[in-house]
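Here are my notes on the model, as numbered points. Please read them with the structure open.

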Amino acid sequence: MTIHDSLPSEDRETAERIANMRYAPAPENLVAGVMHRIQATQATPSRWQRLKTWLLTPRPIRIAPWIPLTASGFALAILLVVGLIPSKPIGNAPVSIAAHETGLAHVVFTLHANNAEQVSLIGSFNNWQAGTYNLKPTKTPGIWTISIPLSQGRHEYAFVLDTTRIVPDPKALVYEDDGFGNLNSVIIVGNHEQSL
C-alpha cells in the first residue's frame with residue numbers, strides 16, 4: 001500500500017501528478033524579472049501626496065497628566081503661560097521667571113536628580129550644547145539649579161545627566177517630540193514675572 005492508496009480518488013490523481021513531475025530549475029532572470037515588475041507597480045508618490053501625508057501624520061505634543069484638560073483648565077493654563085494672568089512664584093516650581101532690565105527674562109531651572117554627579121541644561125537657546133549651562137547642587141540633596149537670562153518667546157530644553165543621559169523636565173507643563181524619539185520640555189518666556 002502506497003501513500004496514494006490512502007487518499008480519496010480526487011486527491012490520489014493530484015498526488016500522482018505531483019510525484020511524476022520532473023524538476024526544472026528556475027530561469028536565471030526570474031528574480032530580476034519579478035523585482036522589476038514589483039518596482040514598476042510601486043509608483044513614487046508625488047510632492048503633493050508626500051506633503052499631504054506629512055500634514056496628516058499626527059505629531060505628539062505631550063502635556064503632563066496632572067493638568068486638567070477641561071476647556072477652562074486648558075484656557076487657564078495658556079493664560080498663565082503667556083502671562084495674561086499675573087501669578088506669584090510657587091516654591092517648588094521647576095522653572096521660575098522674573099523680569100530683567102535688559103529685555104531678557106531671568107529664568108531659574110530646577111531638577112531633582114539624586115544620583116547625578118553633573119547636570120547640564122541644553123536647549124534651543126544654546127544650540128543644544130552641553131556644558132554651556134551647568135546646574136549647581138543646592139543644600140537640599142538631589143536638587144540642582146541654575147539661573148540664566150532668556151529672550152522672550154518659546155524655548156525647548158532638556159537636562160543632560162553625567163554627560164550621557166538626556167531627560168526632559170519632569171515638572172514641565174508642555175513637551176514636544178524632537179523627531180528622534182525623545183521629548184523636549186517647552187517654556188514660553190514673557191516680559192514679566194511668572195512661574196510655570
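How many helices and strands does the secondary structure of the protein come to?

1. **Overall make-up.** The count is 4 helices and 12 strands. Keep in mind that this is a predicted model. The protein has 196 residues, and buried residues make up 26% of them. Take the contacts between residues at least 6 apart in sequence: 63% of these join residues at least 24 apart.

2. **Confidence.** The average pLDDT is 75. A score of at least 70 is reached by 69% of the residues. Residues 84-93 have a pLDDT below 50. That stretch still has 16 contacts in the model beyond near neighbours in sequence.

3. **Aromatic pairs around Phe109.** The whole structure contains 4 aromatic pairs. One of them is Phe109 with Phe125: the ring centres are 6.2 Å apart and the planes are at 35 degrees. That angle lies between the 30 and 60 degree limits, so the pair counts as tilted. Phe109 sits in strand β3 (residues 105-112), while Phe125 is in the loop between β4 (119-123) and β5 (133-134). The pair therefore ties together parts 16 residues apart in sequence.

4. Phe109 is buried, at 0% relative accessibility. Phe109 also pairs with Tyr157, at 4.9 Å centre to centre and 65 degrees between the planes. This pair is edge-to-face. Tyr157 belongs to strand β8 (residues 153-161), so the link from Phe109 in strand β3 spans 48 residues. Tyr157 is buried as well. Ring pairs join Phe109, Phe125, Tyr133, Tyr157 and Phe159 into a cluster.

5. **Val160, also in β8.** Is valine 160 buried or exposed? Its relative accessibility is 7%, which is under the 20% limit, so Val160 counts as buried. Val160 lies in strand β8. Leaving aside neighbours within four places in sequence, its contacts are Gln118, Val119, Ser120, Ile122, Ala130, Arg165 and Ile166. Val160 and Ala116 are 44 residues apart in sequence, and their C-alpha atoms are 9.6 Å apart.

6. Check the backbone at Asp162 and Thr163. Asp162 has a phi near 50 degrees, a positive value in a residue other than glycine. Thr163 also has a positive phi, near 60 degrees. Most residues other than glycine have a negative phi. Asp162 lies in the loop between β8 and β9 (165-167), and Thr163 is in the loop between β8 and β9 too. Asp162 is partly exposed, at 30% relative accessibility. Thr163 is exposed, at 59%.

7. The whole structure has 3 salt bridges. Side chains of opposite charge can pair when their charged atoms come close. Arg154 bridges to Glu156, with the closest N and O atoms 3.3 Å apart. Arg154 also meets Glu176 in a salt bridge, at 2.5 Å from N to O. This second pair links distant parts of the chain: Arg154 in strand β8 and Glu176 in strand β10, 22 residues apart. Shared partners join Arg154, Glu156 and Glu176 into one network.

8. Arg154 is partly exposed, with a relative accessible area of 43%. Glu156 is buried, at 15%. Glu176 is partly exposed, at 24%. Glu176 is found in strand β10 (residues 174-177). Its C-alpha atom is 6.9 Å from that of Val186, 10 residues apart along the chain.

9. Arg17 and Glu13 form a salt bridge, the closest N and O atoms being 3.2 Å apart. Both lie in helix α1 (residues 9-19), 4 residues apart, about one turn of the helix. Arg17 is exposed, at 57% relative accessibility. Glu13 is partly exposed, at 46%.

10. **Nonpolar patch.** Which residues make a nonpolar surface patch of about 430 Å²? They are Leu30, Val31, Val34, Met35 and Ile38. Ile38 is placed in helix α2 (residues 30-41). Ile38 has a relative accessible area of 37% and is partly exposed.

Conventions: Residues numbered from 1 in each chain as written. Predicted model: local features only at pLDDT ≥ 70, side-chain atom pairs only at ≥ 80, totals over all residues. Heavy atoms only, no water. Phe/Tyr/Trp six-rings, centres within 6.5 Å; stacked < 30°, edge-to-face > 60°. Helix = DSSP H or I, 4+ residues; strand = E, 2+ residues; numbered from the N terminus. Buried < 20%, exposed > 50% of the residue type's maximum accessible area, 1.4 Å probe, protein only. Contact = heavy atoms within 4.5 Å. Patch = residues over 30% accessible without salt bridge, like charges linked within 9 Å, V, L, I, M, F, W, Y side chains within 5 Å. Areas by Shrake-Rupley, 256 points an atom, 1.4 Å probe, with all protein chains shown as cover. Salt bridge = Lys/Arg side-chain N within 4 Å of Asp/Glu carboxyl O. pLDDT = per-residue confidence, 0-100.
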